[in-house]
Amino acid sequence: MKKNYRIADKGSDRYVVGEVTLFDQKNEMFKRMLWDPKLHELGKKYYKTPVLPTNNAGHRLEDLAMVNASWYLEHNFGRSTWGGQTDLYRWDWNGQYSYPLVPSGLKIDGDDPIKITDGIKKVGSFFGATKVGVCDLDRRWLYSKGYTKAEGGKSFDFEIPEEYKYVIVLAIEMDYDAIACSPDGPASSATGLGYSRMAFEAGLLAAYIRGIGYKAIPCGNDTACSIPLAIDAGLGELGRNCMLITPEYGPRVRIAKVFTNLPLVPDKPIEFGVWEFCKTCKKCAEHCPSRALSLENPTEAPIDQSNREGLLTWKIDAKKCAAFWASNGHCCSNCIRTCPFNKKSGALHNAARWIIRHSRVFDKALVRLDDLFGYGKKKNSDKFWSKI
Ligand code: SF4
Ligand code: SF4
């Protein structure tokens, strides 16, 4: 596909309008449900209530089994959703190769950051990342404290040493047909698989970096906010659905990142009309089953402590979103499924992307066409199962 974006003057700084204080990870919704007394009942429902299979498409035992299997690598060998720093996301390395038995202490020449960056992108793609970008580490996006779900949940301090100057950001595409079934099982499986792949790909890339003699800290959702780093790394823009929108896959990606002291060349941030298009298109908010997304213009005002301050963005009411997930028994991806940027590649879709990038005149018409052609409509999960 031809490049459907232009280089932007600013990365995530384009949304900054005030003082940006560091975000404490305990205020992220999945963590708040563990400690916030106001969310005690919701937390009990989300974390403690068994989900029973039904005879409804997308909610059968097969669906539940596939969701569980999709999360397997993240839940057993990654656990960034728990707080990170373990297994594939471990920060340390014993310096030993298991096979082949390369002596420890070897290091590649760091004189050619362009070549090293090309190499990192090659290896990141080889390990399965759909897109790989690089940015300077902007410390405003680090969490002030981490939060682990272990032992019932607790905050912890961490420090990223100054020598970690760069972040490699990995975007991992989720299956289009599975997400089309949201909020049913196949879409939930796409999410789980995304998290498992995040652990796999970030963990392996970190091991590679250590193998060439440099340091690496692999992360999933832990340690720093992923979306601003992805925007800084030129992977996309922010949408009304409060997600990263990529030019190729829209919001249908998950994000992992690796902090490193490897000498790299940062990518340039991009833009392709998302900010303006979202002001006209409200599909994600209109199809949000919990009304958690804003139908209004971007605002600085946070809804509660789960939103960040100092940013002019659309805000999500994360309590409402989590309440729907808890009652649905599956992750929801309606705000990914319905987004007009969530399209497979193709001549017509690429033409629409080109128009959005160049003009505001057709925004309304494009949203109407999107509806008329039935894009974003929920697919029956039985169709997902019957498709080979
Ligand atoms: S995940 Fe579902 S409930 Fe949550 S904001 Fe998106 S559409 Fe709404
Ligand atoms: S659905 Fe529309 S409003 Fe929402 S993020 Fe996508 S383009 Fe923006």
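Me: Helices (H or I, at least four residues) and strands (E, at least two) are DSSP runs, numbered from the N terminus. Where is arginine 291, then?

Reply: Arginine 291 sits in the loop between helix 9 and helix 10. This is a predicted model, in which local features need pLDDT of at least 70 and side-chain atom pairs count only at pLDDT 80 or more, while totals for chains, interfaces and linings use all residues; side-chain values use heavy atoms, with hydrogens and water left out. Residues are numbered from 1 along each chain as its sequence is written, and chains are lettered from A and ligands numbered from 1 in the order in which they are written.

Me: What is the phi of arginine 291?

Reply: Near 55°, a positive value in a residue other than glycine. Most residues other than glycine have a negative phi.

Me: Which other arginine has a positive phi?

Reply: Arginine 79, with phi near 65°. The loop between helix 3 (61-77) and helix 4 (113-126) holds arginine 79. At 27% relative accessibility, arginine 79 is partly exposed.

Me: And where is the cis peptide bond?

Reply: A cis peptide bond joins serine 182 and proline 183, with omega about 10°. Proline 183 belongs to the loop between helix 5 (176-179) and helix 6 (185-211).

Me: Ligands next. Which residues are around ligand 1?

Reply: Cys288, Pro289, Ser290, Leu293, Ile316, Cys321, Trp325, Cys332, Asn334 and Cys335. A residue is near a molecule if one of its heavy atoms lies within 4 Å of it. Helix 10 (318-328) and helix 11 (334-337) are the elements that give two or more residues to this shell.

Me: How many of the residues around ligand 1 are charged?

Reply: None; the shell of ligand 1 has eight nonpolar and two polar residues. Ala, Val, Leu, Ile, Met, Phe, Trp, Tyr, Cys and Pro count as nonpolar, Asp, Glu, Lys and Arg as charged, and the others, Gly among them, as polar.

Me: What else does phenylalanine 341 have in contact, apart from sequence neighbours?

Reply: Leaving aside neighbours within four places in sequence, phenylalanine 341 is in contact (heavy atoms within 4.5 Å) with Ile245, Tyr249, Gly250, Phe272, Val274, Phe277, Arg353 and Ile356.

Me: Which residues touch the most other members in the largest nonpolar core?

Reply: Ile160, Val169, Leu229, Phe259 and Phe341, out of 45 residues in that core. A nonpolar core is a set of buried Ala, Val, Leu, Ile, Met, Phe, Trp, Tyr and Cys residues joined through side-chain atoms within 4.5 Å. Helix 8 gives the most to this core, four residues. Another core, apart from this one, has 31 residues, including Trp71, Ala129, Leu205 and Cys332.

Me: Back to helix 8. What does tryptophan 275 touch?

Reply: Tryptophan 275, which is in helix 8, touches Tyr15, Glu237, Pro298, Leu312, Thr313 and Trp314, not counting residues up to four places away in sequence. Tryptophan 275 and leucine 238 are 37 residues apart in sequence and 7.1 Å apart in space, C-alpha to C-alpha.

Me: Is alanine 216 buried or exposed?

Reply: Alanine 216 counts as buried because its relative accessibility is 2%. Alanine 216 is in strand 6 (216-219). Among its contacts beyond four places in sequence are Trp91, Tyr164, Val258 and Phe259.

Me: And methionine 33, buried or exposed?

Reply: Methionine 33 is buried, with a relative accessible area of 4%. Methionine 33 lies in helix 1 (29-35). Beyond four places in sequence, methionine 33 touches Leu39, Leu42, Gly43, Tyr46, Tyr47 and Ala322. From methionine 33 to tyrosine 46, C-alpha to C-alpha, is 8.2 Å in space and 13 residues in sequence.

Me: Last one. Where is asparagine 27?

Reply: In the loop between strand 1 (6-7) and helix 1. Asparagine 27 is buried, at 14% relative accessible area. Leaving aside neighbours within four places in sequence, asparagine 27 is in contact with Arg32, Trp35, Gln305 and Ser306.

Note on methods
Buried < 20%, exposed > 50% of the residue type's maximum accessible area, 1.4 Å probe, protein only.
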